[in-house]
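Morning, everyone. I have one structure to walk through today. Please put it on the screen and follow along.

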Amino acid sequence: MISSNTSLKPHNTFGIEVNAKRFATFSSTEELISILKERNNDELLVLGGGSNVLFTKDFDGLVIKNEILGFEIIDQDNDSVQVKVGAGEVWHDFVMKCIDLRFAGLENLSLIPGSVGASPMQNIGAYGVEIKDVFVELEAYHIGSGKTRTFSKEECQFGYRESIFKHEFKGQYIITSVTYKLSMSNKINSSYGAIQAELKSKGITRPTIKDISNAVIKIRSSKLPNPKEIGNAGSFFKNPIVDKSILEKIQNEYEIVPNYPGPEGKVKLAAGWLIEQAGWKGKTFENYGVHKNQALVLVNYSDATGGNILDLSTQIIADVFKKFGVRLEREVNVV
Ligand code: EPU
């Protein structure tokens, strides 16, 4: 059923109060098709968990929310298991389910807000793991032709927080399910320093995937605000990928500059560090600001507008550019 003049506040983790001219949820491809029949000429916006969007104004069109559920084991042997999951499933609940079933591979991605369908969209990643490491294929509905298509890993063209669905196929497909290949052995990735430190503090020498998940949940909870309590969309910016010469220039001034190897001989800098050095960490305006524990995260403390947050991000981008000659890019979709 399509409703009119619907508040999107419950549907975006920033908690921004805007209305959609029309709004509907769908829990199957059939339901999606019947809603799209009533689209008329309205602009269309597809929402998952609403954890990567900043609304700056009312949406003068049709917003549809993906609530397709499902969890199906489609292949399993002694080493691995393939699970096909509905795109509307809550990401963290899916991760917890896999941990309970001892399916390894997703534990480092615990507590990431959002839905399963959003995971390939921007190749979500944290603590040394990206979704492309466990991705097999996805099914998506093509809005233009009404046909369903399967995309392999190669066809998704995954990069750092990137996929073909943010570029060439932007706005053209609605992801309906995602298939992941997980490991049946207790294969873990604890290379990330903060995870090692957390395991050590607990005296854990042979961690299980549950231990890794608990460590990640503890680290995330200490650094990142819980969107149920404080409106936010996780990292607001991407970590910038720059030429080595830029890093060297910054290193002339600062003793320790966090950086990681990037593609094609480039380096990835920590946007949070750059923003903190530019003096923005913890800065608070009436009801919004920069989070005090992680400068990469912008927060809405109560009833800020999307415009407030967008202006803040523009000032941060300008300041970081002035100070370091590095232009930050937003990770969040501004609507
Ligand atoms: N740092 C600062 N100040 C800050 C924040 C970070 O100096 O305010 C420094 C840290 O001390 C560290 C470095 O920057 O040396 C990196 O920080 P952190 O480990 O917190 O990770 P990040 O690069 O800032 C990325 C992801 C996060 C993910 C973490 C952990 C992006 C845009 N963000 O953040 O993802 O959880 O790594 O793997 O890649 C998200 O996408 O919503 C998200 C939270």
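One definition before we start: contact here means heavy atoms within 4.5 Å. Also keep in mind that this is a predicted model.

Let's begin with Phe-151. Phe-151 sits in strand 11, which covers residues 148–152. Is Phe-151 buried or exposed? Its relative accessible area is 0%, so Phe-151 counts as buried, the cut-off being under 20%. Now the contacts, leaving out residues up to four places away in sequence. Phe-151 touches Phe-135, Val-136, Glu-137, Leu-138 and Ala-140, and also Cys-156, Phe-165, Phe-169 and Tyr-173. For scale, take Thr-208. Phe-151 and Thr-208 are 57 residues apart in sequence, and their C-alpha atoms are 32 Å apart in space.

Next, helix 2. Helix 2 runs over residues 91–100, and seven of its ten residues are buried, so helix 2 is largely enclosed by the rest of the structure. Which residues of helix 2 are buried? They are Trp-91, His-92, Phe-94, Val-95, Met-96, Cys-98 and Ile-99. And what do they pack against? Two of the partners are strand 6, residues 71–76, and strand 7, residues 80–86. The others are helix 3, strand 12 (173–183) and helix 6. After helix 2 comes Arg-102, with a positive phi near 65°.

Helix 3 takes us to Ser-119. Helix 3 spans residues 118–121, and Ser-119 is part of it. Ser-119 is buried, at 1% relative accessible area. What does its side chain meet? A polar atom of the Ser-119 side chain lies 2.7 Å from the backbone oxygen of Val-116. The side chain of Ser-119 also makes a polar contact of 2.8 Å with the side chain of Tyr-180. Setting aside neighbours within four places in sequence, the contacts of Ser-119 are Trp-91, Ile-124, Ile-131 and Tyr-180. Trp-91 you have met already, as one of the buried residues of helix 2.

Now the ligand. How many residues surround the ligand? The number is 23, and the closest are Tyr-127, Tyr-160, Arg-161, Tyr-192 and Glu-276. By class, the shell has twelve nonpolar, five polar and six charged residues. Let me take the polar distances one at a time. A side-chain N or O atom of Tyr-160 is 2.7 Å from an oxygen atom of the ligand. For the side chain of Tyr-192, the distance to a ligand oxygen is 2.3 Å. For the side chain of Arg-220, it is 3.3 Å. How much of the ligand is covered? Taken alone, the ligand exposes 820 Å², and the protein buries 82% of that. Two elements give two or more residues each to the shell: helix 6 (209–223) and helix 8 (271–277). Helix 8 supplies the largest share, three residues.

Last topic, salt bridges. The count comes to 14. I'll show a few.

Start with Lys-238 and Glu-329. Their side chains meet in a salt bridge, 3.8 Å from N to O. The two residues are 91 places apart, so to speak, in distant parts of the chain. Lys-238 is in the loop between strand 13 (231–232) and strand 14 (241–242). Glu-329 is in the loop between helix 9 (306–324) and strand 20 (333–334). Lys-238 is buried, with a relative accessible area of 10%.

Then Lys-266 and Asp-243. Their closest N and O atoms are 3.8 Å apart, and the pair forms a salt bridge.

One more pair: Glu-276 and Lys-281. The side chains form a salt bridge at 3.1 Å, N to O. Glu-276 is partly exposed at 37% relative accessible area, and Lys-281 is partly exposed at 30%. Note that Glu-276 is also among the residues closest to the ligand.

How values were computed:
Residues numbered from 1 in each chain as written. Predicted model: local features only at pLDDT ≥ 70, side-chain atom pairs only at ≥ 80, totals over all residues. Heavy atoms only, no water. Helix = DSSP H or I, 4+ residues; strand = E, 2+ residues; numbered from the N terminus. Buried < 20%, exposed > 50% of the residue type's maximum accessible area, 1.4 Å probe, protein only. Polar contact = N/O pair within 3.5 Å; in protein donor to acceptor, adjacent residues only side chain to side chain. Salt bridge = Lys/Arg side-chain N within 4 Å of Asp/Glu carboxyl O. Near = heavy atom within 4 Å. Areas by Shrake-Rupley, 256 points an atom, 1.4 Å probe, with all protein chains shown as cover. Nonpolar A, V, L, I, M, F, W, Y, C, P; charged D, E, K, R; others polar.
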